[in-house]
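Look at the structure below and follow the paragraphs from one chain to the next.

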Amino acid sequence: MRLLTHNMLACNIKGVTKGFPLAIEVTKLETKESEMNPDFLRHIYPKLDWKALHDAAHTLGLNDIPEQVEPAMLEDEDFLQKFHHALLEVHLEEGALICPETNRRFPVTKGVPNMLLNEDEV
Amino acid sequence: MAAVAHYWASCAGGLEFALLKELENLEGTSIIPGIDSYGGVQFRTTSAPQKVAELRSADNVYAFLSHHKKIPVDKESGMAFLGSLAGKIDWEPVMQLHRLWQETEEPDSSSGISDPLLTINGMANVEQTHVTPQRSFRVTGNRICKDMKKHGYTSMDAAAAIGDGMHELLGWPADMRSFNVEVLAWIIDDELLLVLALIYSGNKKKTKNLQNVSNINEPCAEVEDVEGSEQVKSTKKKRPAERPSRADAQLYSRRPYRKALVHTSLKPSTAYGLLQLADVQPGDIVLDPMCGCGTIPLEAINWLGTRVMGLAGDFVDTAVEAANINATAGESPGHCDVVRWDASMLPLRTASIDRVICDMPFGNRCGNHKVREVLCPRVVKQVVRVLRPGSGIAVLMAQSKTMKEEIEVNQKAYLNLQKHFYVYMEVKFH
């Protein structure tokens, strides 16, 4: 699971109002390098919850994601590389995602989060 | 030397628009209209086979042989007509094209076909047609009755009649199992389309390494045999090791992400057609909430590379496993994540997704009618919720009355139903 996906995932247990962002429990991380596409990054940036990305990156041990982004930074190659790395290259292979409101644990195995709910949570 | 080659490219009926769009961008190509009963497009091109093989919306490509309307359907004149077909075809350019494709496939000519030039120079076939070398062949007949009761001949009769005509003219030996050349005869009522296979050969040693993730635990019921279910791999049948199945030798079989399948796997060519409809933009998140083995988002990144992000999710563990195998297979051209979820309760933020493209469960293959009619409208509700307002687009392929109703309800408030048309997923041949 990449942080881009994490930025979209939310807990949907019945009654939960603050199910985003999910906290991350890291057991195993993997880095898979890929070609950076600045155009993609510029297009995706406005769609992200930046604070959630910043905090998630921090949990994963990536501390070079700034808390705030100025428009000029999206033209800066150095920033884009760090952005790309955090958003797309680091994978949570084993661990869990945790609902901020209920503390419900959603396990992540082989990079795949299991978001299925139990009968009583529906 | 760029000779003009004459092709028939097949695709799911209804998705020809995608094929036509691709052919517009294929150099030196002209479309030949006039054949509408079959899913596909007839065209001529000077582009090399490698370029033609890149067509994403084509199920397969064939050398075009002939097309006839109002063919006799009674036994006697029908069989006579079919036997005469071989003599009406100019085989030289067809076999040149066939040879070109075989060379493109296997440049080391391990397929055992002797070089036709050598054969001609060696005067080996002086008694036969002076341009066509010795090769074994088979004819495969398919026959459908749409608006008529019955043909006076079966598809096997038709194939035999055409085959006899070919053998008489060309002298090639017929061999149903081990053949270099395959001619396909598709009959719909009194219309006939005759083509020659360019990819599939009974002789091919290369087999696609496809693993079928066991479907034991899937709620989707029985594994159906044959009719239209090309992707079914029965664990009972044992196929001769050397010969690939027809399903593995389609143009779309070559997609690198197509490693693990589920038994209702969508064809990548159809997935591409749906993606074309969705008008995917750079920076889009392309979601398939019921992804099966992940064909749609994976086709998106295979086509658009790092311009988009794929998000594939499914309920069933075998599907998720297959999608994950495919998403992490080899050198991926882009990024796609896999999540296990219930599509009727998507764990996604509201208004977070740009494109939802989905082949919804339908027909007898996927669960039962009741389950589907409850599930589909719920999924539509979720799709409406997660799509970005104003710019979000969903392309949903389904056969569900309640889903249609749900869309209509949403249309008044949220959705703009742009297009509603039909795609023929399977055609049952006799």
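In chain A, strand β2 and strand β3 (residues 105-109) pair in the antiparallel sense over 4 bridges. Two strands count as paired if DSSP finds at least two bridges between them. Helices (H or I, at least four residues) and strands (E, at least two) are DSSP runs, numbered from the N terminus. The model is predicted: local features need pLDDT of at least 70 and side-chain atom pairs count only at pLDDT 80 or more, while totals for chains, interfaces and linings use all residues. Residues are numbered from 1 along each chain as its sequence is written, chains are lettered from A and ligands numbered from 1 in the order in which they are written, and side-chain values use heavy atoms, leaving out hydrogens and water.

Of the 9 residues of β2(A) (residues 90-98), 8 are buried, so the strand is largely enclosed by the rest of the structure. Buried means under 20% relative accessible area, exposed means over 50%, and partly exposed lies in between (1.4 Å probe, protein chains only).

Chain B has an open sheet of 7 strands with mixed pairing, in the order β2-β3-β1-β4-β7-β6-β5. Which strands stand at the edges? They are β2 (29-32) and β5 (137-144) of chain B, each with a single partner strand, so one side of each is left without a neighbour in the sheet. Neighbouring strands of this sheet are turned by 35° against each other on average, direction ignored.

Helix α1(B) touches β1 (5-10), β2 and β3 of chain B, and its direction makes about 10° with that of β3(B). Contact means heavy atoms within 4.5 Å. Angles run from 0 to 180 degrees between N-to-C directions, and axes are lines fitted to C-alpha atoms, for helices over the stretch in contact. Helix α4 (residues 91-105) of chain B lies across β1, β4 (60-69), β6 (181-188) and β7 (191-197) of chain B, at about 160° to β4(B).

Two packed helices are described by the angle between their axes and the distance between the axes. For α1 (residues 16-24) and α7 (residues 268-278) of chain B, the angle is about 80° and the axes are 9 Å apart. These helices are therefore roughly perpendicular to each other, a term for angles of 65 to 115 degrees. Phe17(B), Ala18(B), Lys21(B) and Glu22(B) in α1(B) meet Tyr272(B), Gly273(B), Gln276(B) and Leu277(B) in α7(B).

Of the 11 residues of α7(B), 10 are buried, so this helix is largely enclosed by the rest of the structure. Its buried residues pack against α1, β10 (285-288), α8 (295-304), β13 (355-359) and β14 of chain B. Just after α7(B), Asp279(B) takes a positive phi of about 50°.

Pro389(B) lies in the loop between α10 (369-386) and β14 (393-397) of chain B. Pro389(B) is exposed, with a relative accessible area of 65%.

Terms used: Angles under 35 degrees count as roughly parallel, over 145 as roughly antiparallel, 65 to 115 as roughly perpendicular and the rest as oblique.
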